[in-house]
Amino acid sequence: MSVALEIRNLHVNVEDKPILRGVNLTIKQGEVHALMGPNGSGKSTLANALLGNPAYEITAGQVIFDGKDLMEMAADERSRVGLFLAFQYPVSIPGVTLANFLRLAINARMKAADPDSKGISVSDFRKLMKAKMDMLGMDHSFAGRYLNEGFSGGEKKRAEILQMAVLQPRIAILDETDSGLDIDALRVVSEGVNTLRGPDLGVLVITHYQRILNYIQPQVVHVMYQGRIVESGGPELALKLEEAGYDWIREQVAE
Ligand code: ADP
Ligand code: MG
C-alpha cells in the first residue's frame, strides 16, 4: 500500500512569531514534488517542523505519516517508519567516517525492529555501500571521509543522498543548503533523486532555485510565500518562475 505524508493546516511559530500560517501539502510514495519560494518564505521552517526541531513550535494543524500522527513520534521513530529528513546527522563528529556513521544508522534501525539483532555484518555492509555508491556514481573513497570535516555544500548533499540510498525511506524531504543558490549542491541532489526515484519513493525537494527543471522533473511544483503555499501546479509553474521570478507571486498575494 502506498504511503503518504499529509500536512494539514500547519501553523508554526519561531520565537513566538507566526512563520507558517496554514500549510497544506500531501506527498505520496512515487511522487516528486518541488517546494519553491523566495528566501524567508518559510520553506526551511517546514522542514525543521517536520524534523521535530524544538525551536519550531507547532501551534495548529496536523502532520500524518502512514495514517499516524508524526508529531507523536520521536525523531528516530520518524526515520524508522520511513521518513527521511535532511540534516539527520550531527554537524560534525570528530573521528567518525561517513561509513561508520551509516553502519551505526543501519544497526540502530535493525535493533529497533528486533532487539536481538546483531546488526549488519561488516562484509554485508561493504557490499551494500559499494552497490549504492556505484549506483550513484560516487567514488568509493568518499565513504572513508570523516563526517563533515571540511565538507563542501555539494559534499554534504552527497553524504545526505548516500544516506538516503542506504536507508531507503518511503518519503524524503530534502532542503537546500543555507547558502541557497548552490548549484553544485542542487546538481548532486537532483542526480541522486533522479537515480533513486521510483514507485516506492516520494520526495519533496525544497529549493529557492528557479531553474530546477534543468536538473529534476518534479510532477508537482508548489510555491510558498509568507508561510503559505500560494500556488501549486505542474512543471510549467517552475518554468513560469524561471521566466518571471517571484514578483508576480508577491503582487498576486498583495491584491
Ligand atoms: P526559507 O527557507 O523559505 O528561506 P525560513 O523558513 O528559513 O525561510 O525562514 C522563514 C522566516 O522564519 C524568516 O523570517 C526567518 O528569519 C524566520 N526563522 C526561521 N528559522 C528561524 C530561527 N531558528 N530563529 C529565528 N527566526 C527564524
Ligand atoms: Mg531555507
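The following questions and answers walk through a predicted model of one protein chain.

Biologist: How are residues, chains and ligands labelled?
Modeller: Residues are numbered from 1 along each chain as its sequence is written, while chains are lettered from A and ligands numbered from 1 in the order in which they are written. Because this is a predicted model, local features need pLDDT of at least 70 and side-chain atom pairs count only at pLDDT 80 or more, totals for chains, interfaces and linings use all residues, and side-chain values use heavy atoms, with hydrogens and water left out.

Biologist: How many helices and strands does the protein chain have?
Modeller: Helices (H or I, at least four residues) and strands (E, at least two) are DSSP runs, numbered from the N terminus. By that count the protein chain has eight helices and 10 strands.

Biologist: What is the radius of gyration of the protein chain?
Modeller: The radius is taken over C-alpha atoms, and the globule rule is 2.2 Å times the number of residues to the power 0.38. For 255 residues the rule gives 18 Å, and the chain comes close to that, so it is as compact as a globular protein of that length. The C-alpha atoms fill a box of roughly 60 × 35 × 35 Å along the principal axes. The radius of gyration is 18 Å.

Biologist: What percentage of the 255 residues count as buried?
Modeller: Buried means under 20% relative accessible area, exposed means over 50%, and partly exposed lies in between (1.4 Å probe, protein chains only). Of the 255 residues, the buried share is 48%.

Biologist: In which order do the four strands of the open sheet lie?
Modeller: Two strands pair if DSSP finds at least two bridges between them. Here the pairing is antiparallel. The edge strands are β2 (17-28) and β5 (68-69), each pairing on one side only. The order is β2-β1-β4-β5.

Biologist: Which residue of β4 is the bridge partner of Glu 6?
Modeller: Strand β1 (residues 4-14) and strand β4 (residues 56-65) pair in the antiparallel sense over eight bridges. The β4 partner of Glu 6 is Ile 64.

Biologist: Is strand β3 largely enclosed or open?
Modeller: In a regular strand the side chains alternate between the two faces of the sheet. In β3, Val 32, Ala 34 and Met 36 are buried on one side, and His 33 and Leu 35 are buried on the other. Five of the five residues of β3 (residues 32-36) are buried, so the strand is largely enclosed.

Biologist: Which residue of β9 is the bridge partner of Leu 35?
Modeller: β3 pairs in the parallel sense with strand β8 (residues 202-206) over four bridges, and there Val 32 has Val 203 as its partner. Four bridges also join β3 to strand β9 (residues 220-225), and these run parallel. In β9, the partner of Leu 35 is His 222.

Biologist: Is the pair of Phe 142 and Phe 151 stacked or tilted?
Modeller: Rings of Phe, Tyr and Trp (its six-membered ring) pair if their centres lie within 6.5 Å; planes under 30 degrees apart count as stacked, over 60 as edge-to-face and the rest as tilted. The structure holds two such aromatic pairs. The rings of Phe 142 and Phe 151 have centres 5.7 Å apart and planes at 25°, so this pair is stacked.

Biologist: What is the angle between the ring planes of Tyr 209 and Tyr 215?
Modeller: Tyr 209 counts as buried at 10% relative accessibility, whereas Tyr 215 is partly exposed at 22%. Their ring centres are 6.1 Å apart, and the pair is tilted because the planes stand at 55°.

Biologist: Which residue lies over the face of Trp 248?
Modeller: A charge sits over a ring if NZ of Lys or CZ of Arg is within 6 Å of the ring centre and within 35 degrees of the ring normal. Here the distance from the ring centre is 3.7 Å, and the residue is Lys 240.

Biologist: Which residues does Ala 165 contact, leaving aside neighbours within four places in sequence?
Modeller: Ala 165 is found in helix α5 (residues 153-167). This alanine is buried, with a relative accessible area of 2%. Contact means heavy atoms within 4.5 Å. On that basis Ala 165 is in contact with Lys 132, Leu 136 and Leu 196.

Biologist: How far apart in space are Ala 99 and Thr 59, C-alpha to C-alpha?
Modeller: Ala 99 is found in helix α3 (residues 98-113). In sequence, Ala 99 and Thr 59 are 40 residues apart. In space, C-alpha to C-alpha, they are separated by 38 Å.
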